[in-house]
Amino acid sequence: MTNYLQRGFEQSEFEHRTARAQKMMHEMNLDAMIFTTEPNVRYFTGFHTQFWHSPTRPWFVIVPAEGKPIAVIPEIGASGMAGTWIENIITWPSPRPEDDGISLVASALNSMPCRHGRVGATLGIESHLRMPVNNYLKLTTMVKKDFVDVSLAMHELRQIKSQAEIEKTREICRITNLGFNKIPDYARSGMTEREICKQFRIDMLLDGADECPYIIAGSGPDGYDSIIMGPTDRIIEEGDVLIIDTGAVRDGYFSDFDRNWAFGSASEQTKAAYRATYEATTKGFEAARPGATTTDIYNAMWGVLEANGALGNDVGRLGHGLGMELTERPSNTATDNTILKPGMVMTLEPGMVYAPGKSMVHEENIVITEDGAEWLSKRAEPELIVIK
């Protein structure tokens with residue numbers, strides 16, 4: 001029986017991912033796909049390193065129409081890549097600005113059968129190339145094939161998580177819940193946002209998170225007006241409301257949810273806004289079923305917020321995909337209309353402006369199952385917690 005708390009994946013996981021990709025490539029008439037970003041390289045190889053924080057060296061993985069992926073990488077990563085299931089590892093002594101792997105990538109692509117004359121690359125929506133644009137343009141002139149966008153197709157592949165991926169997300173959600181549950185034990189008025197978030201980070205690391213790259217905080221008198229800044233050195237005072245939103249990581253997979261607290265007291269208007277966003281997650285969860293769409297989720301949640309006097313929603317969406325990245329496609333919006341399928345890990349994130357300059361945002365993590373959805377994060381309390 002597979003132990004999902006073990007690091008990494010069985011080789012069969014990568015074989016399955018590659019087979020799914022090659023089926024998609026056959027349908028799109030592609031001879032190969034090339035990947036340059038950390039999540040996509042890791043998705044097909046299992047190569048997991050913090051070295052991506054250095055922008056100096058480019059990394060390339062080629063997925064051919066048949067056979068195993070090929071790594072074209074700097075020599076410094078050869079031993080690490082050799083520890084994965086990849087066998088064909090081509091290296092060069094990077095950094096070498098005059099030819100930082102480009103000729104090797106071109107040679108590998110040109111040596112492949114030219115059935116369709118098309119190479120896929122992530123050129124479009126919610127994607128990027130982690131290589132100099134000039135090098136990419138040069139590569140397109142050196143390869144005897146046309147480069148086409150596969151960003152949407154790759155998003156669709158990665159949207160459907162395996163059971164092993166789901167369990168990794170479940171575990172980091174468990175750890176994140178532990179961290180959140182401890183906050184009322186030490187957070188007090190007189191502390192700064194930064195002090196509270198520092199202890200929160202420490203607790204999650206001690207409980208098993210590998211890193212906590214995303215911890216934001218917002219606070220203010222009986223409400224807050226921003227959910228993407230902070231934490232700051234603002235001192236929490238009696239009557240303040242605090243939100244902390246976090247994306248913690250274990251074994252390369254993110255959690256992403258938030259919690260709200262009041263200090264000393266909260267107005268009935270603020271408590272009602274909290275209840276509204278809580279009820280919106282309930283309705284969003286009920287709408288999250290296979291065959292339904294992200295727009296169905298959005299409409300279910302927005303209907304609750306609107307009925308409870310929402311003045312607007314300045315976030316732009318009410319949740320999104322989640323996995324190897326903090327936010328992934330799709331988005332829960334009025335027009336997204338992505339069909340929900342079993343294995344999709346999502347966030348429910350209803351938010352509303354309930355008074356001028358005051359917002360309330362609530363977020364949970366779920367996975368779409370064969371007959372509905374399942375909570376991955378343990379739900380917040382139905383009433384706003386007031387820390388005395």
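**Close-up 1. Tyrosine 136 and phenylalanine 147 are both buried.** This view, like those that follow, comes from a predicted model. Tyrosine 136 and phenylalanine 147 make an edge-to-face aromatic pair. Tyrosine 136 belongs to helix 5 (residues 133-142). Phenylalanine 147 belongs to strand 6 (residues 146-149). The pair therefore ties together parts that are 11 residues apart in sequence.

**Close-up 2. Phenylalanine 14 and tryptophan 85 form one of 14 aromatic pairs.** The ring centres of phenylalanine 14 and tryptophan 85 are 6.5 Å apart. Their planes lie at 20 degrees, so the pair is stacked. The pair links distant parts of the chain, 71 residues apart. Phenylalanine 14 sits in helix 1 (residues 11-27). Tryptophan 85 sits in the loop between helix 3 (78-82) and strand 4 (88-92). Both phenylalanine 14 and tryptophan 85 are buried.

**Close-up 3. Four aromatic residues form one cluster.** The members are Phe9, Phe14, Trp85 and Tyr253. Arginine 17 lies over the face of phenylalanine 9. The distance from arginine 17 to that ring centre is 4.6 Å.

**Close-up 4. Arginine 379 places its charged end over the ring of tyrosine 278.** The charged end of arginine 379 is 4.0 Å from the centre of the tyrosine 278 ring.

Close-up 5. Most peptide bonds are trans. Proline 231 lies in the loop between strand 7 (211-221) and strand 8 (240-250). Proline 330 is part of strand 12 (residues 328-331).

**Close-up 6. Aspartate 251 and asparagine 337 have positive phi values.** Most residues other than glycine have a negative phi. For aspartate 251, phi is near 55 degrees. Aspartate 251 is placed in the loop between strand 8 and strand 9 (253-254). Aspartate 251 has a relative accessible area of 7%, so this residue is buried. For asparagine 337, phi is near 60 degrees. Asparagine 337 is found in the loop between strand 12 and strand 13 (345-348). Asparagine 337 has a relative accessible area of 46%, so this residue is partly exposed.

Key: Residues are numbered from 1 along each chain as its sequence is written. This is a predicted model: local features need pLDDT of at least 70, side-chain atom pairs count only at pLDDT 80 or more; totals for chains, interfaces and linings use all residues. Side-chain values use heavy atoms; hydrogens and water are left out. Rings of Phe, Tyr and Trp (its six-membered ring) pair if their centres lie within 6.5 Å; planes under 30 degrees apart count as stacked, over 60 as edge-to-face and the rest as tilted. Helices (H or I, at least four residues) and strands (E, at least two) are DSSP runs, numbered from the N terminus. Buried means under 20% relative accessible area, exposed over 50%, partly exposed in between (1.4 Å probe, protein chains only). A charge sits over a ring if NZ of Lys or CZ of Arg is within 6 Å of the ring centre and within 35 degrees of the ring normal.
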